[in-house]
Amino acid sequence: QVQLVESGGDLVQPGGSLRLSCAASGSIFSINHMGWYRQAPGKQRDLVASITNGITNYADSVKGRFTISRDNAKNTVYLQMNSLKSEDTAVYYCNAVIWRTRREQASEYWGQGTQVTVSS
């Protein structure tokens, strides 16, 4: 069994900062991709940032403001969010592609989501 547990969501004023964390636990052999998605009310879930074999990728709307990083020893991915705007308000979901054993095919996992609200 593999679980992704997010934390760090909160209410913050425009211009503020937050740091989200997502820890993967359970039977894990290898993780080559971790990322963050977000979903605002009435909208589809969109990619925010990802890190795959050390290569990062960002949505245009967050470039220069958000930074994704990963602690491989802890199987944890972080999302540092600076200069937050009201349009960043959404539920943020962690995503990972994980091999549970050397022989099994990799599977995709999702966290339960953490709410980020940017409002004055």
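This is a predicted model, so treat each value as computed from it.

**Exercise 1.** Find the salt bridge of arginine 100 and work out how exposed its two partners are.

*Solution.* 
Step 1: Look for the partner. Arginine 100 pairs with glutamate 104, and their closest N and O atoms are 3.4 Å apart. The cut-off for a salt bridge is within 4 Å, so the pair counts.
Step 2: Check arginine 100. Its relative accessibility is 30%, so it counts as partly exposed.

**Exercise 2.** Are aspartate 88 and arginine 65 buried or exposed, and where in the chain do they sit?

*Solution.* 
Step 1: Start with the pair itself. Aspartate 88 and arginine 65 make a salt bridge, with 2.7 Å between the closest N and O atoms.
Step 2: Aspartate 88 is in the loop between strand E8 (76-81) and strand E9 (90-99), while arginine 65 is in the loop between strand E6 (55-58) and strand E7 (66-71). They are 23 residues apart, so this pair links distant parts of the chain.
Step 3: Look at burial. Both aspartate 88 and arginine 65 are buried.
Step 4: Widen the view. Arg38 joins Arg65 and Asp88 in a network of salt bridges.

**Exercise 3.** Now try aspartate 60: which residue does it meet in a salt bridge, and is it buried or exposed?

*Solution.* 
Step 1: The side chain of aspartate 60 meets that of lysine 63, at 3.1 Å from N to O.
Step 2: Aspartate 60 has 64% relative accessibility, so it counts as exposed.
Step 3: For the tally, the model has 4 salt bridges.

**Exercise 4.** Glutamate 6 has no salt bridge; find out what its side chain reaches instead.

*Solution.* 
Step 1: Locate it. Glutamate 6 belongs to strand E1, and E1 (residues 2-7) pairs antiparallel with strand E3 (residues 18-26) over 6 bridges.
Step 2: Look for an opposite charge.
Step 3: A polar atom of the glutamate 6 side chain lies 2.7 Å from the backbone nitrogen of cysteine 94. The side chain of glutamate 6 also reaches the backbone nitrogen of glutamine 112, at 3.0 Å.
Step 4: List some neighbours. Beyond four places in sequence, glutamate 6 has contacts including Ser21, Trp36, Tyr92 and Thr114.

Definitions and conventions:
Residues numbered from 1 in each chain as written. Predicted model: local features only at pLDDT ≥ 70, side-chain atom pairs only at ≥ 80, totals over all residues. Heavy atoms only, no water. Buried < 20%, exposed > 50% of the residue type's maximum accessible area, 1.4 Å probe, protein only. Helix = DSSP H or I, 4+ residues; strand = E, 2+ residues; numbered from the N terminus. Pairing = 2+ DSSP bridges. Lys, Arg positive; Asp, Glu negative; His and termini not counted. Polar contact = N/O pair within 3.5 Å; in protein donor to acceptor, adjacent residues only side chain to side chain. Contact = heavy atoms within 4.5 Å.
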